[in-house]
Amino acid sequence: MFNLETALSTWRHYFAQRRGIQKEDLDELERHVRDHVRYAVEQGNSEEEAFWEAVREVGDYDGAEEEYRKVYWGKVKRNRLFNNELSWRVAMLKSYFTIAVRNLQRQQTHALINIAGLALGLAVCFLITLFVYDELSYDRFHEKADRIYRVVESYTHNDISRQNLIHSAPLAPALVNDLPEIESAVRLSNRWGEVLVSRDTEAFYEDGFFFTDTSFFDVFTFPLVQGSPSSLAKPFTVIITESVAEKYFGDEDPVGQKVEIKGSWGTYEYEITGIARDVPHNSHFHFQFLTSLETLRATRPKPEHMESWWYVEYYTYVLLQPGHQVEDLQAKFPAFISKYKGERLKQIDVHSAYELQPIADIHLYSHLEREIEPNSDARYLYIFSVLALLILAVACINYMNLSTARSAMRASEVGVRKVVGAHRTQLIRQFLFESLVLSGMALVLAFLLIALLLPLFNHLTGKSLSVTYLGHGDLVLGLIGAGLFVGLLAGSYPALFLSRFQPVHVLKGLLGMGPASTLFRKGLVVFQFIISIGLVVGTIVIQRQLTYMQNKQLGLHAEQVVVINTHGEIGRRLPAFRSDLLKYPGILNVSASDQAFPVREFVMGLRPEGFEETDVQAKLINVAPHFLETLDIPLLQGDNLPEMYEPAEREYQPVLVNEAAVKQFGWDDPIGKTFTCCVAPTPRVVGVVSDFHYQSLKEEIAPLVLMPTWWSQQVLVRIRAENIFATLDQIEDAWAAFVPGEPFEYTFLDSRFEQIYQAEERFMQIFGAFSFLAIILVCLGLFGLAAFMAERRTKEIGIRKVLGASAPSIVTLLSKDFLKLVLIAFVLAAPLAYLAMSRWLEDFAYRIELGPGIFLLAGGLALLIALATVSYQAVKAALADPVKSLRYE
Amino acid sequence: MFSKNLVAASIQPLLLSLLAEGEMYGYEIIQRIHELSGGKMRWTASKLYPMLHHLENERLVEAFWQPSESGPDRKYYRLTAKGIKALDATKRDWLELNAMLARLWGPGYTLSDLSMVR
C-alpha cells in the first residue's frame with residue numbers, strides 16, 4: 001500500500017543520512033517533492049507515480065550534494081567528520097540499526113511471531129542435543145575408560161545361545177594371573193533388593209549396595225574423599241558415598257563409626273572406612289555402599305562357592321594393559337575357558353565363549369539379562385535426533401517464510417533507496433543486518449526458553465540435566481552459530497532477490513507476489529503440515545498400541561504372583577516347601593518353572609513327531625507340579641501333569657502342549673503324540689492348555705511344551721491380595737528355613753510383564769511432546785502468513801465489503817486457500833505415515849489395526865487447527881472498517 | 001533544448017526577472033519557466049535550489065518561510081533592493097549582447113521580435 005508520508009520520510013531519511021546537505025535545504029527539497037506530487041495528482045496521475053517522478057527528478061544524492069557543495073564552500077566549513085571513514089561507517093551502521101528498529105516497531109506482531117517460532121525451534125533442538133550428548137557420555141568419566149571392558153559369557157547348547165553377565169568368583173583372579181594383557185580385574189556383586197541400614201534409631205531401606213574387590217578403585221575412577229581402597233580388603237567394613245554420609249551422619253565424621261546393615265545374607269555391623277564422591281548420573285551403575293568380598297566369604301554358609309567355577313554371582317570387569325588390542329586378548333579366551341571349565345562343559349555339551357564389552361558401549365547397546373540397571377537404546381537417539389532436526393527445519397522454514405513475506409511489504413522502501421542511489425551492497429547489508437538482529441533476539445529468547453523448559457524436559461526423559469554454560473561451551477556456541485546461520489540464510493533471500501529488482505517492478509508491487517514465490521511459500525506450508533500430521537498420526541498409533549498391549553489378556557493370571565529367583569537349590573524339596581507355605585492363609589498356590597517370565601530366550605526346543613527332518617520346534621518350559629493352577633491357565637483337553645514324578649521310571653514322560661502347537665503341527669488328536677530329540681525319556685503329550693502369553697506381546701504365541709522337572713529357576717507363589725507384606729514375610733521365613741543362605745529375591749509377575757513396555761511408554765510421551773511442539777510452530781507460521789496475506793488484500797477486501805459482501809463470505813474467501821493446502825498435505829502425509837507406522841507395528845506380533853479412523857482423526861485435527869489459526873486473521877480483516885482500507889491508496 | 005552553456009548562463013537572469021514579478025517558491029518557479037519556454041525548458045531541483053542559495057549568499061534575493069495549506073511550510077523568495085539593481089544591470093548586458101548578435105545576423109531579425117521576451 002503506497003503511503004506518501006512513509007515514502008517521503010524514507011526518502012528524506014536517506015538524503016539526510018549522508019549529511020552533505022543542510023536541513024533547511026532538505027526541507028525545501030521535500031516541499032518541492034510534495035508540490036510536484038500535488039500538481040501531478042491534479043493532472044490526474046496517481047500519488048505513487050507522481051512521487052516517483054518527483055523523486056527521480058530531484059535525482060540521486062551525489063549529484064544534488066555536489067551542487068549544494070559548490071554553494072556551501074563559501075559558507076560552511078568542511079565537516080571533518082565527513083572524511084573520517086570510520087565514523088562514517090559507524091553512522092551507516094547506526095542508520096541500518098535505526099531502520100531495522102523502525103521496521104520492527106512498525107510490524108511488531110510479525111516480528112514477535114517470527115522470533116517466537118525460531119526461538120522455540122532452537123530451544124528444542126538444543127535440549128535434544130543436550131540429551132544426546134548426555135547419553136553418549138555415559139561411563140566416559142573413568143580415566144581409563146577406553147581400557148575397561150565387561151566380560152560377557154555366551155553359552156551355546158544345541159544351537160541355542162544365551163548370554164550371561166554373571167560370573168563365578170575365580171574368573172577375575174584367573175584372568176589377571178593367566179593373561180598378561182590384563183592389568184587388573186574387579187568383581188562386583190549386588191545382592192538384589194534393598195538393604196536395611198540403621199544407625200542409632202534411624203533406619204532406611206537403601207539400594208546400591210555392592211560387594212567388590214580392592215581393585216575396584218584401580219579399574220574405575222570413583223574419587224575417594226576419605227579413606228583408602230585398601231579398606232576393601234577387610235570384612236565388615238563399608239565405604240559410603242557423600243550423600244549417604246550426610247544422610248546418616250550430618251556434619252559428623254562418619255569414618256570409624258558403625259552402622260548396622262541387614263541384607264539377604266544377614267544382619268551385621270559394619271565399620272565405615274571411607275567416603276566416596278557420589279556417582280555421577282551418567283554411569284551404568286550407581287553404588288552407595290561398597291563392602292569387601294571378604295564380608296561375603298565370612299557370611300556364607302558355603303564358602304566353597306567362592307572357589308567354584310560353577311557358582312555364579314559376580315559382574316566381572318577387566319582393565320587392559322595400555323597398547324593392547326581386544327582381539328588379541330579374545331583369541332586367547334578359548335584356551336583359557338578350556339583350562340578351567342573345559343571338562344564339565346564337554347560333559348553337559350555346552351560351548352562357552354567370553355566376549356569383552358567396552359564399558360562406554362554398555363549404556364546404549366547392552367540389553368542382556370540381569371543388567372545392573374536398565375539401559376537405554378541407541379535407536380532412540382537416532383529417532384530423537386531426526387525429530388529434533390525436523391522441528392528445527394520447521395522453525396527455520398517459518399522464519400524464512402515470514403521474513404521474505406515481510407520483505408515484500410517493504411518493497412517501496414527498496415525502490416526509494418535505489419532511486420536515491422543506494423548501492424546494492426548497502427541494501428544487502430541492510431537486510432542481512434536486520435535478519436541477524438531478529439535472529440539475535442530469537443537466540444536470547446531461546447536461552448530463556450531452555451531455562452524454562454529444562455525441568456519439564458528432565459521429567460519427560462527421566463534425567464536431571466542441567467546447563468552449565470561453561471561446561472557445555474561447545475553446545476552453546478553451536479546454538480549461537482545455528483541461530484546466526486538461520487538469520488543469515490533468511491536474510492539472504494530478500495537481500496539478494498529484492499536488491500536486484502528495478503524500481504519499476506517494485507512499483508508495480510509484483511515483488512513477493514509473483515507466481516513463483518507464492519508457490520514456494522505454499523509449498524513450505526504444505527511441507528510443515530505434512531510433518532505435523534505425520535507426528536500426530538504417530539502419537540495416536542503409539543498410544544493406542546500401548547493401551548492395547550497393557551489391556552490385552554495375557555491368558556494367565558499374573559496378578560499377585562510372587563516370583564522368587566533361585567538357582568535350583570530348592571529342587572526336590574519344592575513339594576515340602578509348598579505344603580509349608582500353604583499353611584499360611586495368605587498363600588494360594590506354589591509352583592515353579594525353569595524360565596523367568598516373560599521369557600527372553602529359550603534354552604531348548606523339542607522336535608515334534610512327524611517333523612523329524614525339519615527345523616520345526618516347540619519351545620520348552622520346564623515346570624513343577626501345580627503350574628497350571630498357580631497361574632490359572634485353563635486345561636482344554638486331556639490331563640494335567642502329575643504331582644510326583646520320577647523320570648527314571650517310565651519310558652515316556654508326560655508333557656503338555658498349547659493350542660498353537662496343536663494348530664501348527666496339524667495334530668487332530670494331540671493326546672499321545674510324542675517329541676523326538678534331545679531329552680529322555682521321550683516326551684508324550686497328555687493334555688492341551690489354552691494359549692497364554694509367555695513372552696512380550698511383540699512375539700507370536702508359538703508352539704509350547706510344558707515338561708515336568710525338579711530344576712527350577714523361579715518359584716511362583718500365588719498369594720492373596722490382602723496383607724501382602726505379611727505374606728511376603730512369611731514366605732521369606734519359610735524360604736530361609738528351607739534354603740538358608742540363599743538370598744530371597746523376588747518380583748511380582750505382573751510388574752515383570754509391564755516393565756517390558758516401559759521403553760515404549762517413554763517413547764510415546766516424547767513423541768507426543770514433539771507433535772505438540774511441531775503443531776505450535778506450524779500454527780505460529782500459519783498465523784503470520786495469514787496476517788500477511790490478509791494485509792496484502794486489504795484493498796480488495798475493502799472493496800468487496802463496500803460492494804456488500806458479508807463477513808462470513810470474506811472469512812471463507814481468505815481461509816479457502818489455506819484449507820486447500822492442509823488437504824493437500826493430508827493427502828501426501830497419510831500414505832507416508834501409514835507406511836512408517838506399519839513398519840513400527842511389525843515389531844509387535846499382537847498389534848492394533850491401522851484403520852482409517854486414526855488418519856481421519858489426525859487430518860481433522862490438523863484442519864481444525866489450521867482453521868482456528870487462519871480464521872482469527874480472516875475475521876479481523878473481515879470486520880475491519882472498509883473505509884480505512886480503501887483510504888490506503 | 002538549449003545548449004548547456006546557454007541554460008547555465010541564463011539561469012540567473014531568468015530567475016531575477018521572474019522574481020521581479022513577485023515572490024515565488026521553488027516549484028512555482030520551475031512551473032513558470034516550463035510554461036514560458038513552451039515546455040522546452042525544465043529546470044531540475046538540483047539546479048534551481050543551489051542557485052537560489054547562491055543568490056541568497058549574494059544578497060540578491062531574500063527568503064522567508066510561509067505556511068501552506070497542505071503540509072509543511074514553503075520557502076518563498078523575493079528580490080532585494082540589491083537584486084533589483086542586479087537585474088537592471090543584467091538586462092542591460094543581455095540587451096547589448098542581443099543587439100550585437102542582431103547586427104551580425106543581418107536584417108530580417110528585428111528588435112520587434114524581441115517582444116516575445118517580456
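Figure 1. Ile239(A) stands opposite Leu290(A), a residue of β12(A). The model shown here and in the other views is predicted. Strand β9 of chain A, residues 237-241, is joined to β12(A) by three bridges, and the two strands run antiparallel.

**Figure 2. Pairing of β7(A) with β12(A).** Strand β7 of chain A spans residues 209-212 and pairs with β12(A) in the parallel sense. Four bridges make up this pairing. One residue pair in the view is Thr212(A) with its bridge partner Ser292(A), the latter in β12(A).

**Figure 3. The two covered faces of β12(A).** Strand β12 of chain A comprises residues 289-292, and both of its faces are covered. On one side lie Phe289(A) and Thr291(A), both buried. Leu290(A) is the residue opposite Ile239(A), and Ser292(A) is the bridge partner of Thr212(A).

Figure 4. Chain A has 889 residues, of which 38% count as buried. Its secondary structure consists of 29 helices and 25 strands. Among contacts in chain A with a separation of 6 or more, 83% are between residues 24 or more positions apart.

**Figure 5. The open sheet of chain B.** Three strands of chain B form an open sheet with antiparallel pairing, in the order β1-β3-β2. The edge strands are β1(B), residues 24-25, and β2(B), residues 61-66, each of which pairs on one side only. Six bridges join β2(B) to β3(B), residues 74-79, and these two strands run antiparallel. Val61(B) is placed opposite Leu79(B) of β3(B).

**Figure 6. Helix α1(B) over the sheet.** Helix α1 of chain B, residues 4-21, lies across β1(B), β2(B) and β3(B). The helix runs at about 95° to β3(B).

**Figure 7. Contact between helices α2(B) and α3(B).** Two packed helices are described by the angle between their axes and the distance between the axes. For α2(B), residues 26-36, and α3(B), residues 45-57, the axes come within 10 Å and cross at roughly 115°. The crossing of α2(B) with α3(B) is right-handed. Gly26(B), Ile29(B) and Ile30(B) of α2(B) meet Leu48(B), Tyr49(B) and Leu52(B) of α3(B). Five residues of this contact are nonpolar and one is polar, with no charged residues.

Terms used. Residues numbered from 1 in each chain as written. Chains lettered and ligands numbered in written order. Predicted model: local features only at pLDDT ≥ 70, side-chain atom pairs only at ≥ 80, totals over all residues. Pairing = 2+ DSSP bridges. Contact = placed C-beta atoms within 7 Å. Axes fitted to C-alpha atoms, helices over the stretch in contact; angles between N-to-C directions. Left-handed = near helix turned anticlockwise from the far one by under 90°. Nonpolar A, V, L, I, M, F, W, Y, C, P; charged D, E, K, R; others polar. Buried ≥ 20, exposed ≤ 12 C-beta atoms within 10 Å, placed from the backbone.
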